[in-house]
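These are my notebook entries on one model.

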Amino acid sequence: MPNPNRGACGFQSSEFEQEYERPSKSELKRQMSELQKLGEELVAEARDRVKRVPMPEDVRDAILACQLITNHEGRRRQMQFVGKKMRTLDEEEVAVIQRTIDSWKGMSKADTAALHALERRRDKLLADDKALTVLLEENPELDVQHLRTLIRNARKEQAESKPPKAYREIYQILKDIDKKRKAAAKPAGQDEDEDGEPIDDESDDA
């Protein structure tokens with residue numbers, strides 16, 4: 001009985017596939033470059049966004065770690081590591097990440113600016129004690145002792161390359177403050193989605 005895996009000449013049909021389907025060196029280089037660029041785009045995004053992107057945990061951890069590195073050479077090495085991790089992804093994982101990034105680009109410039117403003121304010125809280133004084137003057141309801149503890153812990157996390165638990169919590173506090181501010185300023189009766197953005201009740205089916 002003929003072997004269904006063999007061709008008419010008796011060779012397995014897969015024996016020559018590798019020779020003809022192997023990407024050329026230029027194609028491999030192009031793919032590596034695209035994955036490196038994709039990783040750089042993720043590093044440049046807000047951390048909260050990156051955490052919501054479907055991807056393997058080790059790849060996400062490499063990206064989040066790179067975001068915390070301020071030393072130029074250290075960041076360059078970590079970026080290379082991010083590129084190496086990106087090359088471990090399969091085609092579907094890469095496609096999901098690309099679709100997510102494309103959806104972000106559909107956000108308005110105002111939305112993007114607001115996200116980056118929160119990031120900058122958090123970084124300023126870690127770099128300058130006066131920033132906490134300003135924040136408390138604007139929001140006297142905040143727990144000053146809790147904030148000081150978070151800032152101290154976030155600085156320690158960065159110094160010791162630990163998971164950014166306090167760093168994330170500070171961002172969430174700033175995000176909640178911004179959401180409350182927007183809620184107080186929005187017209188009465190207008191609903192918002194989970195990110196604090198207005199919901200348009202009109203149907204887009206027309």
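The entries below go from the whole chain to single residues.

**Entry 1: conventions.** I worked on a predicted model, in which local features need pLDDT of at least 70 and side-chain atom pairs count only at pLDDT 80 or more, while totals for chains, interfaces and linings use all residues. Residues are numbered from 1 along each chain as its sequence is written, and side-chain values use heavy atoms, with hydrogens and water left out.

**Entry 2: the whole chain.** I counted 10 helices and zero strands in the protein chain. Helices here are DSSP runs of H or I with at least four residues, strands are runs of E with at least two, and numbering starts from the N terminus. The order of elements from the N terminus reads α-α-α-α-α-α-α-α-α-α. I found that 30% of the 206 residues are buried; buried means under 20% relative accessible area, exposed means over 50%, and partly exposed lies in between (1.4 Å probe, protein chains only). I then looked at contacts (heavy atoms within 4.5 Å). Of those with a separation of 6 or more, 51% join residues 24 or more positions apart.

**Entry 3: helix 4.** I recorded 12 residues for helix 4 and a reach of 17 Å from the first C-alpha to the last, close to the expected 16 Å. The expected span is 1.5 Å times one less than the number of residues. I noted Val59, Arg60, Ala62, Ile63, Leu64, Cys66, Gln67 and Leu68 as the buried residues of helix 4. Their cover includes helix 2, helix 3 (47–52), helix 5, helix 9 and helix 10.

**Entry 4: helix 5.** I found that helix 5 (residues 72–86) has 15 residues and spans 21 Å between its end C-alpha atoms, close to the 21 Å expected. Its buried residues are Gly74, Gln78, Met79, Val82, Gly83, Lys85 and Met86. These pack against helix 2 (25–43), helix 4 (57–68) and helix 6 (91–104).

**Entry 5: helix 9 and helix 10.** I took the axes of helix 9 (residues 144–160) and helix 10 (residues 165–185), which come within 7 Å and cross at roughly 135°. Axes are lines fitted to C-alpha atoms, for helices over the stretch in contact, and angles run from 0 to 180 degrees between N-to-C directions. The two helices are therefore oblique to each other; under 35 degrees counts as roughly parallel, over 145 as roughly antiparallel, 65 to 115 as roughly perpendicular, and the rest as oblique. On the helix 9 side I listed His146, Leu147, Leu150, Ile151, Asn153, Ala154, Glu157 and Gln158, and on the helix 10 side Lys165, Ala166, Tyr167, Glu169, Ile170 and Ile173.

**Entry 6: the loop between helix 9 and helix 10.** I placed Ser161 in this loop and found Ser161 exposed, with a relative accessible area of 69%. Phi of Ser161 is near 55°, a positive value in a residue other than glycine. Most residues other than glycine have a negative phi. Pro163 lies in the loop as well and is exposed, with a relative accessible area of 62%. I also noted 8.3 Å between the C-alpha atoms of Pro163 and Ala65, which are 98 residues apart along the chain.

**Entry 7: Asp48.** Leaving out residues up to four places away in sequence, Asp48 touches Tyr171, Gln172 and Lys175.
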